[in-house]
Structures are given as C-alpha cells and as structure tokens.
Amino acid sequence: MPGRTAASTGRSARISPNLALDQRIAERAAAGERIVHLGFGESRLPVFPPLAEALTAGADRNAYGPVVGDPGVRSAVAGYFDRRGLPTDPDQVIVAPGSKALLLALQLVHPGDVLLADPCWVTYRPQVLLAGKRAITVPIPAEAGGVPDPALLRDRIRSARLDGDRPGILVLTSPDNPTGTCAEPELVRELCAIAEDEDLLVISDEIYRDLLHDPDRPYLSPAEVIPHRTVVVTGLSKSLALGGWRIGVARFPADDAGRRLRAEVASVASESWSTLAGPMQAVAEYAYGEPPELTARLRADARLHGIVAAAVHRIFTEAGAVCRPPTGGFYVYPDFAPLRDELARLGVTDGEGLQHHLLEERGVAVLAGAHFGDDPKALRFRAATSMLYGATRAEQRAAREAGDPLGLPHVAAELDRLRQGLAALTGH
Ligand code: PLP
C-alpha cells in the first residue's frame, strides 16, 4: 500500500499495551491463576444506579442529532465548568465517545509537533505518530508527573527547533497517569508562561481532576491562566467508572481561534464517530448536572481511591522503592533503583524484566515504565490500584461502602499478597 504505513510513522501495528496486558491477565485468571492485577488503568467499580436509570431513560434517543452533542448536554457540561470557575458557553463544548477520540482529533487538526511529559499516558505518543507528527518528550519534575519539568522545557523546545521540529502543542495531564500526582498551581503557572512565550496550544487532560484524594487541595487548570490557548479534555471514564460507556468532553477557547479549532474537531467527528450515542448524552446530561447524590458518590469514591493508593504506596516504599505520594486518581509509580543490585542478582536489570519477573515469579501484574515512554533501563512501573477493590460486583460494592476499605478481608488479602511478593523480590 503506498503512502504512510505503520512502519513509516515509527508505529508498530499492535493494540495498546494496557489493553493487551488486561486481556492476557483475564485469560490467565479464567484458567485459575491467582494474580494481583495492578496492570490496567480502570476504576473497577460498579455503575452508580442513577446513571443506569438515566441511560434507560435515554434509550429512545435514537436520532443521530448534532455532531457536537445536543444543546441540553452541552449546557450541562458548560454548567460543570462554570462551577469550576471556568465560565463556559455551551457552544464551546463538544461531547464525544470518549476523550481518546477528541485527543486524536485535536492532534489531527492542530498543526505542530507535540511536547509530552516523560513518562506519560500510553496513548498520547501513538496518537501523535498517527497524526504524522513528532513527539518531543521532556522528563517530569521531582514534585509531580503529567507535566514536563519547566526547567528543561524551554531548552528542549529550542533544541527541537534546531533539529527542524516545530513544537506547536503542549499536553499537560493533572492528576496524571502513570504517577497519580497533581501539579501544584505554581508549576502550572510556570508552564503556562512558557506556552505563552512559545506560542503553544495547551491540551489539558483533566480526566482525573474530579478524583483528587483531598477535595480541598488547590487545583489550577491552565484554562484559568491562558484560556485563549487551552483546550480542556475530560470525561466520565475515570471519575464515574464508565470507561465502557465512552463519554468524553472537550472545552475550547471562547475566541475566534477557539471557534475555528472546535469547528475543525467537529469536522473530524462528522467524518468518523458522527456524534456521542443518544443514550450516553442523556447520561452525560445527568452527570454534568452534578446532582447532590452523584457528587456525594464521587467524593466517596475519590476517598476510596486515595486510601488504597496510599496503602500500595506504603507497601512499595517499605519494600525499598522511592515513589511520589499519590494525590489523585488511582495509580502509583514506584522506582526500584535503590534495589538495583539485589534485583540484578535475580536477573532483573530493566523495567520490562521487572514487569516480567513480578508477573511470572510473584503473581503481580504491573506495566513497565517503558510503555509510558520512560527510560527502558529504569526499574519503574505503574501500578493501577483500583483493581484491588475486588473481582466481583459484590466485593467492589463492599469496598465502595466500607468506612475502612483496607479492613475488608478481600482487600487486605490482596495487599498481603502484594507485600509478600515484594518481600520475596527484595529480601526485605
Ligand atoms: N487520558 C488519560 C490520562 C487516561 O489515563 C485515559 C485512560 O486511561 C484517557 C485519557 C482515556 O479516556 P477515555 O475513556 O475518555 O477515552
């Protein structure tokens, strides 16, 4: 086939490593193997019943409807942003089947190469390559993941330009995947100043924003600082555990350039996914209306994520790893560099080796840092802690309702198995 192929864009034709690992673990678990599954970035919690009711009530919405979403759902989304301190007109909003689709459309329509944090979510880089652009990676700072270290970013932009690249987009994620941390307002301001000086469009991926473990923690969106050059992308996959329902949202700048960008993304939408499924628009309208019962559910779930992520963080640090304390979402990202010598004696010398060893010898599934763009030699991996709530709906419901989720026998047993697996690994 003539033209761009996976090989010519530097991509291999494979499914996302996150999804591939989950499929493998599911097959092995079905065959009777016991695995502590920390390998998949999903909030494994049941559907909150009023969401299912909204879905059923929306079942007769079978017309295609507007590409960008019906006015009702876009008003609800605008209201959500208004309450967050981001005044929003419904005409700044597009709803779509998942934020992934919106992120890809943005890469396709906005010119310029793309600055990514290293490590970052597994999908950004393949999307950049699919759009025929270059990914320019910048290491994260010590204090948080999801964003490039501002001390390195300016130099990296300059050297990229000297190499013939044309940086045009900066992707920021807070809280992030894979480190489960949130950028402090001061850090966000520094990055916004660079975006302004260097004329970059900021794509702010805020899909974990409503899962801050401490609801009083100060949160600053780049859209509050540089609204004219920030597109906020978010969705309900993580906060409401609705990944399979595919509900994503983008909020565009209010000015002419923002309107043009939105029209271009809508054009991609019209030629690919057409619109968000009608029943899902009914769900999104209910959810973004933020009724009190839903807000209470969300806060309780964020608390659960915080408690379990902190427990897993403790287990890793007690085993000798260094690790940023998680502050949002459901991930931790330990670094076993302090145990490099001990691990080498087990034949483990890099991140993939560590992932392999943990799965095959210790029954613990994690995803090596290299999948997130990290140095393959680094002994780092992502552990998705929300998989610990239970294998059945009943267990997950119990975790959700428990005042002390760590005291539940099925959660405690998984944490124990993790602790034992790591102790055997390091001799600690
Ligand atoms: N952004 C980040 C940082 C994610 O971790 C994920 C899912 O893992 C997504 C976006 C995708 O979300 P969606 O289900 O809305 O496509």
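In what follows, a residue is called buried when its relative accessible area is under 20%, exposed when it is over 50%, and partly exposed in between, with a 1.4 Å probe and protein chains only. Helices (H or I, at least four residues) and strands (E, at least two) are DSSP runs, numbered from the N terminus. The model is predicted, so that local features need pLDDT of at least 70 and side-chain atom pairs count only at pLDDT 80 or more, while totals for chains, interfaces and linings use all residues. Residues are numbered from 1 along each chain as its sequence is written, and side-chain values use heavy atoms, with hydrogens and water left out.

**A covered helix**

Helix 10, which spans residues 278–288, is mostly covered, with 9 of its 11 residues buried. The buried residues are Gly-278, Met-280, Gln-281, Ala-282, Val-283, Ala-284, Tyr-286, Ala-287 and Tyr-288. Their cover, in terms of contact (heavy atoms within 4.5 Å), includes helix 2 (49–57), helix 3 (71–83) and helix 11 (292–318), together with strand 2 (93–96), strand 7 (230–235) and strand 8 (248–251). After helix 10 comes Glu-290, whose phi is positive, near 50°.

The chain is divided into domain 1 (4–46 + 293–426) and domain 2 (60–291), with bounds that come from an automatic or database domain assignment. Taken over C-alpha atoms, the centres of domain 1 and domain 2 are separated by 25 Å. To the contact between them, domain 1 brings 36 residues and domain 2 brings 40 residues.

Buried area is here the accessible area (1.4 Å probe) that two parts lose on being put together, summed over both. Domain 1 and domain 2 bury about 3100 Å² between them, and 56% of this lies on carbon and sulfur atoms. Of the area that domain 1 buries against domain 2, Leu-294, Arg-324 and Thr-327 supply 22%, more than any other three residues.

A polar contact is a pair of N or O atoms within 3.5 Å; within protein, one must be able to donate a hydrogen and the other to accept it, and residues adjacent in sequence count only if both atoms are side-chain atoms. Across the interface of domain 1 and domain 2 the rule finds 18 residue pairs in polar contact, both residues being at pLDDT 80 or more. On the side of domain 1 that touches domain 2, the elements that give two or more residues are helix 1 (17–30), helix 11 and strand 9 (331–332). Helix 11 gives the most to this side, with 9 residues.

**Thr-179**

Thr-179 has its place in the loop between strand 5 (167–173) and helix 7 (185–197), and is buried, with a relative accessible area of 1%. When residues up to four places away in sequence are not counted, Thr-179 touches Ile-140, Gly-145, Arg-324, Tyr-331, Val-332 and Tyr-333. Thr-179 and Cys-323 are 144 residues apart in sequence, yet 8.7 Å apart in space, C-alpha to C-alpha. The side chain of Thr-179 is joined by a polar contact of 2.6 Å to that of Asp-176, and by a polar contact of 2.6 Å to that of Thr-181.

**Salt bridges**

A salt bridge is a side-chain nitrogen of Lys or Arg within 4 Å of a carboxyl oxygen of Asp or Glu. By this rule the count comes to 26 salt bridges, whereas across the interface of domain 1 and domain 2 the rule finds 0.

| Pair | N to O distance |
|---|---|
| Arg-84 and Glu-206 | 2.6 Å |
| Arg-134 and Asp-165 | 3.1 Å |
| Glu-401 and Arg-297 | 3.7 Å |

Arg-84 lies in the loop between helix 3 and strand 2, and Glu-206 in the loop between strand 6 (201–205) and helix 8 (222–225), so the pair ties together parts that are 122 residues apart in sequence. Arg-84 is buried at 13% relative accessible area, and Glu-206 is buried at 1%.

The pair of Arg-134, in the loop between helix 5 (124–130) and strand 4 (135–139), and Asp-165, in the loop between helix 6 (150–162) and strand 5, links distant parts of the chain, 31 residues apart. Arg-134 counts as exposed at 51% relative accessibility, whereas Asp-165 is buried, with a relative accessible area of 14%.

Glu-401 lies in helix 14 (residues 393–401) and Arg-297 in helix 11, so the pair ties together parts that are 104 residues apart in sequence. Glu-401 is exposed, with a relative accessible area of 56%, whereas Arg-297 counts as buried at 11%. Salt bridges that share partners join Arg-297, Asp-301, Arg-400 and Glu-401 into one network.
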